[in-house]
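This report is meant to be read with the sequence and the model side by side. Please look through both before going on to the sections that follow.

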Amino acid sequence: MQNRRKFLKNSLLTVTGAGLVSRSLPQSLVGNESAEQDTKFVYRTLGKTGIRLPVISMGTGNTDNPSLVRQALEKGVKLLATAEAYQNGNNEKMVGSVLKDKPRDSFVIMTNSTDINLLDTQTGVYNSGFDPKVYMQRVDNSLERLEVDYVDIFIQPFAATRESVFHEPARKAMENIKKMGKAKYLGIATHRLEHEAIRAAVDIGMYDVIMTAYNFRRQNKEELDDAIQYAAESGLGIIAMKTMAGAFWDREKTKPINSTAALKWVLQNKNVHTTVPDCSSYDHLNQDLAIMANLELTEEEKKDLEPPSGDVSSGLYCEQCSSCIRQCPEDIDIPTIMRSYMYAYGYRNLDLARKTLCSSGLRTLPCHDCDNCNVKCTMGFDIRSRILDIARLQDVPEDLIRHA
Ligand code: SF4
Ligand code: SF4
């Protein structure tokens, strides 16, 4: 008979697939040798930092392979985006093992050291448990894992409301990090109320860089584009994340999103200076770099970005608009749970999915007692079934996920 641990592991593997693999590639794009050989680089300047970067950088959060990171740097990638939260610091360690052999001016490293449990996920404001001394120790731990004396860009993640950016303890802590030489530049990362967070980051006057969720599934594109333009014209560097919009159209992963088209879509906006697509294989790396040969979005690629069979409720990416929250009588933090759903089914990053799910504060499951879910998602998702589905991850022990 299976013990509980084995049962959970088997269910886990069945439901979400094992390992740190994210995108599937359309067959025509797998192992494109000629594209690899002919790689041409397109550079943009990261705002007032003056750093020239290829428009393709690397999000390292979905890989544990140092050889892949090394190869990315050897091929010309400059910026690596990691975070303490990825694989419990092990992602920073893995990246550090590569960086230690490289001249310090040959790469640009960006990280953050925030404990997500100290944040109100809906507003991005730190709670009363935030301690600047502990925070500074976490920053030092990140530097140690990365084997560097300073990072090029240090990020305050989860910025959302204006208050989260102007929050005094966070502001002071960030300023100290720069003052003490632990970071050359400061930035915010935002994937909720982005337009508000971006404008606040400009207005506070202490930030150099913004990393924002930005992809073809955004329904508030105009509002977001205006905020991005405001920031770029004010001299801030703009980095786009969540560019693959969840990587798949379906939970079963039978319909991969054309990631070349998705990346090209993002780069049509000249105010976006670079992108950090999650990269977990050599094929991903080659495919992402190859798009620089021609950034033009073809008519066929534009069609690929339309939901299959016109089903607008397809896809795993929740744009975090928060309009669902006020509709749920139980006040569940649905956007955070939907992000967890995307990390699990789209990125297959169970560790991040579980962490995100736990940060939503979901302990019991009120959805079980609701006969009908009245929540109307702006993207058409079946909220109740997605919550009940991903909530199972709460029961899986953390160490099992790490070793699955
Ligand atoms: S309404 Fe839909 S898209 Fe908006 S935050 Fe809620 S789940 Fe996400
Ligand atoms: S089913 Fe869940 S999400 Fe929907 S209204 Fe009930 S508690 Fe809220």
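A crossing of two helices is called left-handed if the near helix is turned anticlockwise from the far one by less than a right angle, and right-handed if it is turned clockwise. Helices (H or I, at least four residues) and strands (E, at least two) are DSSP runs, numbered from the N terminus. By that rule of handedness, H3 passes H11 in a right-handed crossing. The axes of H3 (residues 66-75) and H11 (residues 282-290) come within 10 Å and cross at roughly 20°, where axes are lines fitted to C-alpha atoms, for helices over the stretch in contact, and angles run from 0 to 180 degrees between N-to-C directions. That angle makes H3 roughly parallel to H11, since angles under 35 degrees count as roughly parallel, over 145 as roughly antiparallel, 65 to 115 as roughly perpendicular and the rest as oblique. On the H3 side, Leu68, Gln71, Ala72 and Lys75 meet Tyr282, Leu285 and Leu289 of H11, contact being counted when two C-beta atoms, placed from the backbone, lie within 7 Å. These residues divide into 5 nonpolar, 1 polar and 1 charged, where Ala, Val, Leu, Ile, Met, Phe, Trp, Tyr, Cys and Pro count as nonpolar, Asp, Glu, Lys and Arg as charged, and the others, Gly among them, as polar.

The axes of H13 (residues 334-345) and H15 (residues 383-390) also come within 10 Å, and they cross at roughly 60°, which makes H13 oblique to H15. H13 passes H15 in a left-handed crossing. The contact is made by Ile334, Ile337, Met338, Ser340, Tyr341 and Ala344 of H13, together with Ile383, Arg386, Ile387 and Ile390 of H15, and by class it has 8 nonpolar, 1 polar and 1 charged residues.

## The model as a whole

This is a predicted model, in which local features need pLDDT of at least 70 and side-chain atom pairs count only at pLDDT 80 or more, while totals for chains, interfaces and linings use all residues. Residues are numbered from 1 along each chain as its sequence is written, and chains are lettered from A and ligands numbered from 1 in the order in which they are written.

The protein has 16 helices and 10 strands. Of its 404 residues, 49% count as buried, a residue being buried if 20 or more other C-beta atoms lie within 10 Å of its own, exposed if 12 or fewer, and partly exposed in between, with C-beta atoms placed from the backbone.

## Surroundings of the ligands

Ligand 1 is surrounded by 14 residues, of which the closest are Cys318, Cys321, Cys324, Pro335 and Cys377; a residue is near a molecule if its C-beta atom, placed from the backbone, lies within 6 Å of it. This shell has 9 nonpolar, 4 polar and 1 charged residues.

Around ligand 2 there are 13 residues, and Cys328, Cys367, Cys370, Cys373 and Arg384 are the closest. They divide into 10 nonpolar, 1 polar and 2 charged.

## A buried loop residue and a covered helix

Ala85 is found in the loop between strand E4 (79-81) and helix H4 (90-99), and it counts as buried because it has 22 C-beta neighbours inside 10 Å. Leaving aside residues up to four places away in sequence, Ala85 touches Ile116 and Lys355.

In helix H8 (residues 194-204), the buried residues are Glu194, Glu196, Ala197, Ile198, Ala200 and Ala201. Their cover includes helix H6 (162-166), strand E7 (183-190), strand E8 (209-213) and helix H9 (221-233). Just after H8, Gly205 takes a positive phi of about 75°.
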